[in-house]
Structures are given as C-alpha cells and as structure tokens.
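Trainee: I want to know what stands behind each label used for this model. Please take me through them one at a time.

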Amino acid sequence: IKRSDEWPLAEFGGALSAKVTAFAACHSGRTSNETHTPWKGRTTMSHPLDTQDMESVILRSPHQLEAGMAAAQGVQVDGGPFANLLLAGMGGSWMAAALLNCCGLTRAPIRIHRDYDLPIGLELPNTLVLACSFSGNTEETLSAFEAARNQKLAVIGITSGGELLRRCAREGVPAVRVPADSFTIQPRSATGYFVGILAKLLEQH
C-alpha cells in the first residue's frame, strides 16, 4: 500500500510484522496451536466466574499474533499500489484496526466502516477493502463486501468461515481464514489474530 506523500505502508508493514513476531516470541512459552483450545492439563478454572476461560485466552495472546500472521502469509490481491485502506467490520472484528490506528502503527490510518454498504465520500480509486467478520455472517460486513464488489474495488475477506468465506470462494476473492473457532471464542477475544493478519497484509501490499 503506497501513498505519494508518505513512505510506503508496505515497508512499514514489514517493520510492524517484525515487531509482532518479536513480541510474540518474548511473551510465549508454549507452542502455538492453529485454533484456540483451553490449555491441556487444566482441570479447574482459576476463578468460578471465568466460565469462558478468559484467563487462557489472555495468556495465549502472543500465539494469536503469530497464528494470524501465518494465516495471512501469501494472501495477495490484484491491483495497487493502493492509496486508501478501508476496513468494514462490526463488534470485535474492527478492534485490531482501531488498535493500530490509536498506536500510530500505520503510515496512513485505516478507515473503519461500521455500517451497511460503503461510506459516503470514499475515494474509490486505488482503495483496498478489507471485509472483516469473525463469524462470516455479519449483515453489515456482507453488505459492504457486495458494495465493494459492485464498485469493482479490490477486496480481501477476513473471517473464520460462514457466508463471507463462501462468497469469497464463489467469487474468487482472496480471503484470510482466522485460525479460531467462532463458536468457542468471542470476537473481542480474537483481536490478536486480527492484529497479526493486518500486519502481514500491510507488509504484502
């Protein structure tokens, strides 16, 4: 992703993905699994109110970063260089983009769209749309996906499955499959996967 007035985001993406890898290596003491599962060997929860095993999710966050980067490895879309980046998603599916924006970790901000269709005033030329839905069935994200396709914009789907993954496969749209089961982990708990995925996609575009 490049802008005429700034350094290429691709160069920064490489630096970002290197930082993500270093962070994960420093904070992980176990081998990463491809999908989220409660830690083996645990027989009781650390707290009776932790019914969704959030402690395990938090402790595995470094592995999410690595798994997300691995999932996005080699995913490319035709077109570019891109001057604009739009992420369409709801709930926990847009949190990673907000995190990168708030921390100033992109050369140009990722525009976040949390609604149907495409945002008014979007600069259509040279825009890459990331359609993000952890479940793959979010109505607003599917609407934005279809709107972007109708405008013939470059699109990449980011999802763990569902209708979004089916449409990407049917229409030949590149997709990154989030390596987690949306039935066993909340979208907000999968933010690490999305951070890793975005870091790798920025590096590759």
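Mentor: What follows sets values from this chain against the definitions of the words used.

Mentor: This is a predicted model, in which local features need pLDDT of at least 70 and side-chain atom pairs count only at pLDDT 80 or more, while totals for chains, interfaces and linings use all residues. Residues are numbered from 1 along each chain as its sequence is written, and side-chain values use heavy atoms, with hydrogens and water left out.

Trainee: How many helices and strands are in the protein chain, and what pattern does the chain follow?

Mentor: The protein chain has 7 helices and 5 strands. Along the sequence they come as α-α-α-β-α-β-β-α-β-α-β-α. Both kinds are DSSP runs numbered from the N terminus: helices (H or I) need at least four residues and strands (E) at least two.

Trainee: Why does Gln64 count as buried?

Mentor: Buried means under 20% relative accessible area, exposed over 50%, and partly exposed in between, with a 1.4 Å probe and protein chains only. Gln64 has 3% relative accessibility, so it counts as buried. It sits in helix H3. Beyond four places in sequence, Gln64 touches Val57, Ile185, Ser189, Ala190, Thr191, Gly192 and Tyr193, where contact means heavy atoms within 4.5 Å.

Trainee: And what makes Pro109 count as exposed?

Mentor: Its relative accessibility is 65%, so Pro109 counts as exposed. Pro109 belongs to the loop between H4 and E2. Setting aside residues up to four places away in sequence, Pro109 touches Leu85 and Asn101. From Pro109 to Ala97 is 12 residues in sequence and 8.7 Å in space, C-alpha to C-alpha.

Trainee: What share of the 205 residues counts as buried?

Mentor: The figure is 47%. As for contacts with a separation of 6 or more, 74% of them are between residues 24 or more positions apart.

Trainee: Why is H3 called oblique to H7?

Mentor: Helix H3 (residues 61–72) and helix H7 (residues 191–204) pack at an angle of about 40°, with axes 7 Å apart. That angle makes H3 oblique to H7. Under 35 degrees counts as roughly parallel, over 145 as roughly antiparallel, 65 to 115 as roughly perpendicular, and the rest as oblique. Axes are lines fitted to C-alpha atoms, for helices over the stretch in contact, and angles run from 0 to 180 degrees between N-to-C directions.

Trainee: Is the crossing of H3 and H7 left-handed or right-handed, and which residues meet?

Mentor: Gln64, Leu65, Ala67, Gly68, Met69 and Ala72 of H3 meet residues of H7, among them Thr191, Tyr193, Val195 and Lys200. By class, the residues of the contact of H3 with H7 are 8 nonpolar, 6 polar and 1 charged. Ala, Val, Leu, Ile, Met, Phe, Trp, Tyr, Cys and Pro count as nonpolar, Asp, Glu, Lys and Arg as charged, and the others, Gly among them, as polar.

Trainee: At what angle do H4 and H7 pack?

Mentor: Helix H4 (residues 95–102) packs against H7 at about 65°, with axes 8 Å apart. Met95, Ala96, Ala97, Leu99 and Leu100 of H4 make the contact with Thr191, Phe194, Val195 and Leu198 of H7. The contact of H4 with H7 has 8 nonpolar, 1 polar and no charged residues.

Trainee: What order do the strands of the open sheet take?

Mentor: The 5 strands run E2-E1-E3-E4-E5, and the pairing is parallel. Strand E2 (111–113) and strand E5 (175–177) each have a single partner strand, so one side of each has no neighbour in the sheet. Two strands pair if DSSP finds at least two bridges between them. E1 (residues 84–88) and E3 (residues 127–133) are joined by 5 bridges, and E3 and E4 by 6.

Trainee: Why is E4 called largely enclosed?

Mentor: 6 of the 6 residues of E4 are buried, so E4 is largely enclosed by the rest of the structure. Ala154, Ile156 and Ile158 point one way, and Val155, Gly157 and Thr159 the other. H7 lies across E1, E3, E4 and E5, at about 155° to E4.
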